[in-house]
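Please keep the structure in view while reading.

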Amino acid sequence: MNQADVSKLVSQLRIKVNPRLRKFRNPGGPEERLNKLRKTVTALIKHERIELNYPRADEARMYAERLISDAIRYGDCHKTTMEMADYWLTEKQLVHKLFKVLAPRYQNYNVSFSRLYKAPRPYPGDKNLKAVLELRGNPFPSVTPDTQSNRNLIHNVLLDEAKKEYRQKKYEEIASKIEMEAEKMKTTDAATKETSV
Amino acid sequence: MAASLMFRRINVALANLERTLVELLNPRGPPPDAFCLVGVEGYRVSGNEPKPFSIKDIIGDGLLWAVPKHRRSLEKRLKRKFGDPEYVNKLILPKTTLRVCNTCGDDHEVGVLCPTCYKKVIEETKLMQDKIQEELKLEPVETEVVVLYNGEKDDKPSEFWQGKRIVEMEKERPSWFSKNLTQQTTQQPATTSDVKPSQLG
Ligand SMILES: [Zn+2]
């Protein structure tokens with residue numbers, strides 16, 4: 001059977017794709033939904049980290065991932081990809097960014113291109129979740145705490161002890177070297193005294 | 001004697017006849033007014049008559065509320081008081097989804113970013129984004145943007161920054177924002193196999 005592998009016809013995303021799309025509130029019809037998501041995708045590509053309502057972030061993330069994935073897969077000479085980029089990015093300077101900055105940045109990634117966090121909300125406030133949507137590899141400080149530099153973590157404690165031990169050994173070596181040199185000096189002094197006598 | 005007996009019998013017969021007639025005509029209706037002699041009321045004293053009963057004597061100026069007509073069952077009372085754990089739980093239960101942040105010690109929900117740490121980060125991010133947009137304007141973006149703080153540009157030779165879009169923040173780098181995060185190149189592989197512990201950390 002010479003059947004095309006269906007899973008390779010479209011880009012495989014590294015995020016969960018919802019089985020049912022969210023409708024949102026669109027008095028202007030289904031086109032308005034896409035216009036809303038276009039705005040969000042454009043903002044994400046432009047600012048690399050945005051804060052917004054969770055459902056919209058989750059929805060826009062799928063479109064942004066697909067766009068970047070297509071840009072990596074087909075490059076900027078592919079007509080359909082270019083049209084999609086032209087449609088989804090309302091600010092045209094970002095089309096350059098998509099193909100020249102983001103595609104090379106994510107070329108060798110084997111994880112998703114974006115991250116979605118649940119942002120804190122005032123307590124007791126409204127129950128609607130807020131989200132932080134960001135592209136990986138952005139120049140901003142990380143929103144998750146730096147767990148590797150915590151000095152109380154077990155591997156850091158062990159490494160500190162290893163460092164101490166290594167230093168102690170070195171100091172002992174240096175001390176013994178100095179002693180040896182002092183001994184040598186003494187013997188040479190004695191020898192010179194003997195010769196002088 | 002015989003005449004008076006006769007009169008009483010006729011009287012009783014007449015009364016029976018009248019009762020049956022009324023029952024025939026109005027089977028479910030109220031009992032008929034009692035027949036009485038007018039002269040019997042004559043000896044009563046009219047001044048001592050009791051007042052007719054009225055609810056207004058009890059209430060006065062106040063209000064009369066509605067009162068429960070039936071007893072409310074125990075199940076219903078308990079359900080209204082404590083709710084239902086499956087549907088609407090009215091008990092105050094301890095919240096088990098709160099954690100203490102390892103970095104700043106503030107409380108936050110599980111799975112949600114710590115508000116104090118996040119506020120610090122997002123404020124710095126907004127400043128950086130504004131600066132980047134000020135720098136890039138509407139030109140096509142063709143290279144990665146590198147954000148540098150005060151005095152960091154002079155650390156490296158000018159050739160190092162060639163081909164990179166540099167955005168300078170006119171302030172000192174925050175102490176919590178590690179500089180290593182901005183270095184995206186990886187370290188050169190080591191030529192020797194022995195490892196010094198001092199280079200691991
Ligand atoms: Zn914190």
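In this predicted model, the side chains of A:R105 and B:E144 meet in a salt bridge, with N and O atoms 2.9 Å apart. Across the interface of chain A and chain B, the rule finds 3 salt bridges. The interface also holds 8 residue pairs in polar contact.

Several elements of chain A take part. Those that give two or more residues to the side touching chain B are α1 (30-47), β1 (49-53), α4 (93-106), β2 (114-119) and α5 (154-196) of chain A. Helix α4(A) gives the most to this side, with 6 residues. By class, the side of chain A that touches chain B has 14 nonpolar, 5 polar and 9 charged residues.

**Extent of the interface**

The size of an interface is often given as the accessible area lost when the parts come together. Chain A and chain B bury about 2800 Å² between them, and 65% of this area lies on carbon and sulfur atoms. In chain A, the residues that lose the most area to chain B are A:Q93, A:P120 and A:P141, which together make up 20% of what that side buries. The contact takes 28 residues from chain A and 37 residues from chain B.

One residue of chain B illustrates the contact. B:Q129 is placed in helix α4 (residues 115-136) of chain B. Leaving aside residues up to four places away in sequence, B:Q129 touches A:H47, A:R49 and A:F140. Because its relative accessibility is 10%, and buried means under 20%, B:Q129 counts as buried.

**Salt bridges within the chains**

Over all chains, the structure holds 19 salt bridges.

| Salt bridge | Closest N to O distance |
|---|---|
| A:R22 and A:D58 | 3.2 Å |
| B:R173 and B:E152 | 2.6 Å |

The pair A:R22 and A:D58 forms a salt bridge. A:R22 lies in the segment before α1 of chain A and A:D58 in helix α2 (residues 54-74) of chain A, so the pair ties together parts that are 36 residues apart in sequence. A:R22 is partly exposed, with a relative accessibility of 25%, whereas A:D58 is buried at 12%.

A:E59 counts as buried because its relative accessibility is 0%.

In chain B, B:R173 forms a salt bridge with B:E152. B:R173 is in the segment after β4 (165-168) of chain B and B:E152 in the loop between β3 (145-148) and β4 of chain B, so that distant parts of the chain, 21 residues apart, are linked. Both partners are buried: B:R173 has a relative accessible area of 16%, and B:E152 has one of 8%. Returning to chain A, salt bridges that share partners join A:R22, A:R33, A:D58 and A:E59 into one network.

**Cysteines**

A disulfide is a covalent bond between the sulfur atoms of two cysteines. How many disulfides does the rule count over all chains? The count comes to 0.

Methods: Residues numbered from 1 in each chain as written. Chains lettered and ligands numbered in written order. Predicted model: local features only at pLDDT ≥ 70, side-chain atom pairs only at ≥ 80, totals over all residues. Heavy atoms only, no water. Helix = DSSP H or I, 4+ residues; strand = E, 2+ residues; numbered from the N terminus. Buried < 20%, exposed > 50% of the residue type's maximum accessible area, 1.4 Å probe, protein only. Contact = heavy atoms within 4.5 Å. Disulfide = S-S within 2.5 Å. Buried area = accessible area lost by both parts, 1.4 Å probe. Salt bridge = Lys/Arg side-chain N within 4 Å of Asp/Glu carboxyl O. Polar contact = N/O pair within 3.5 Å; in protein donor to acceptor, adjacent residues only side chain to side chain. Nonpolar A, V, L, I, M, F, W, Y, C, P; charged D, E, K, R; others polar.
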